[in-house]
Amino acid sequence: MPIAFDFSDRVTLITGAARGVGRAMVRQFVDAGSFVLAADRDQAGLAETVAELDAARVATSIGDISTPDGAAGIVNAAVARFGRLDVCVNNAAVAPHATLLEERVEVWDLVHGVNVRGTFLMTQAAARAMIAGGRPGRIINFSSGASKRGSAGAPAYASSRAATEAFSRVAAIELAQYNILVTCVSPGLIDTQPKPLPPRMAEALGRRVPALPMARAGEPEEVGQVVMFLASEAASYMTGTIVEVDGGAGIGSRFEGATVVDDDSRYDWVTGRIANPGVSPS
Ligand SMILES: NC(=O)c1ccc[n+]([C@@H]2O[C@H](COP(=O)([O-])OP(=O)(O)OC[C@H]3O[C@@H](n4cnc5c(N)ncnc54)[C@H](O)[C@@H]3O)[C@@H](O)[C@H]2O)c1
């Protein structure tokens, strides 16, 4: 049962709104009463996102968050259309994968340009607009569980997401004096890929999903709910926090009551005696 948040008359900007988690969040914030500026570089996807939503409450902006003009243009569009900016959700990202030995420098730069520089530029532009408006604000950035795990094939992506976490902490410290709270959401595996999946991806997920603690991927709306919490008054004393929305993926693998194999039967841990003197501990 989703929690019913109330964002009546608040203005929320969501990047990466043409698909996936961003698209879900546009609907969630509109349903919660917010005016929403949905931004992306994908015009057709954006049009699909807002097709069935109330045009009085939602507007779109096509732009590239990785350029200063693109980021400023998106923020200006929100202020021009709705008069102010209360919440900025920096969800847009790219995630091309390649191994370290095969990684091309252009792809590395693209990933860091969108995921890190884009998050910086959007945070800077949003904070400037919030300060100019003289109102408190919330900025919610995005990271990934890959920022902590050594995920093979993700040298650029994982490092870019670790950078957004570090950046969010600095932004939180600097912007607290303006009552702008900055947090970061770190999703695990979220079901955002268009179907049908390519065979190799389907096969890889078929192996990965059963090993997740909850043995399923998360839904985009399950990330959106946490973003709404962070944007809400319920999170009024949270800033600089990284919130994991990963069904426990960051803490371990699924356990189904199988035998615990690393318990050492040679010891009586209470008395300290060797329970089986025939086998000496190494
Ligand atoms: N889906 C997952 O399993 C997962 C896991 C961990 C973290 N995340 C994070 O969650 C967020 C959303 O993930 P998703 O799967 O919904 O992403 P997605 O790939 O489905 O959508 C990303 C959107 O960002 C837009 N975008 C990319 N570059 C842009 C740019 N330069 N300017 C403007 N828009 C741009 C794309 O057009 C796209 O619409 C991302 O920040 C991602 O790193 C996702």
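Reply: Two residues are in contact if their C-beta atoms, placed from the backbone, lie within 7 Å. By that rule Ala-38 touches Ile-14, Ala-17, Val-26, Leu-46, Thr-49, Val-50, Val-58 and Thr-60, leaving aside residues up to four places away in sequence. The model is a predicted one, in which local features need pLDDT of at least 70 and side-chain atom pairs count only at pLDDT 80 or more, while totals for chains, interfaces and linings use all residues. Residues are numbered from 1 along each chain as its sequence is written.

Me: Why is Asp-9 called exposed?

Reply: A residue is buried if 20 or more other C-beta atoms lie within 10 Å of its own, exposed if 12 or fewer, and partly exposed in between, with C-beta atoms placed from the backbone. Asp-9 has 11 such neighbours inside 10 Å, and therefore counts as exposed.

Me: Are Asn-179 and Gly-248 buried, exposed or partly exposed, and what makes them so?

Reply: Asn-179 has 15 other C-beta atoms within 10 Å, so it is partly exposed. Gly-248 has 13 C-beta neighbours inside 10 Å and is therefore partly exposed. Gly-248 touches Pro-213 and Met-214, not counting residues up to four places away in sequence.

Me: What makes the phi values of Asp-9 and Asn-179 worth noting?

Reply: Most residues other than glycine have a negative phi, and most peptide bonds are trans. Asp-9 has a phi near 65°, a positive value in a residue other than glycine. Asn-179 also has a positive phi, of about 60°, although it is not a glycine.

Me: Which peptide bond is cis, and where is its proline found?

Reply: The bond joining Lys-195 and Pro-196 is cis, with omega about 0°. Pro-196 is found in the loop between strand 6 (180-187) and helix 6 (199-208). Helices (H or I, at least four residues) and strands (E, at least two) are DSSP runs, numbered from the N terminus. The protein has seven helices and seven strands.

Me: What makes a group of residues a nonpolar core?

Reply: A nonpolar core is a set of buried Ala, Val, Leu, Ile, Met, Phe, Trp, Tyr and Cys residues joined through C-beta atoms within 7 Å. The largest such core has 67 residues, and those with the most contacts inside it are Leu-13, Ile-14, Ala-38 and Ala-126. Helix 4 gives the largest share of this core, 11 residues. Of the 282 residues in the protein, 39% are buried.

Me: How do you know which residues surround the ligand?

Reply: A residue is near a molecule or strand if its C-beta atom, placed from the backbone, lies within 6 Å of it. There are 27 residues around the ligand, and the closest are Gly-16, Gly-20, Ala-93, Phe-142 and Ser-144. Helix 1 (20-31) and helix 4 (105-133) each supply at least two residues of this shell. The largest share, three residues, comes from helix 1.

Me: How is that shell divided by class?

Reply: Ala, Val, Leu, Ile, Met, Phe, Trp, Tyr, Cys and Pro count as nonpolar, Asp, Glu, Lys and Arg as charged, and the others, Gly among them, as polar. Under this division the shell around the ligand has 12 nonpolar, 10 polar and five charged residues.
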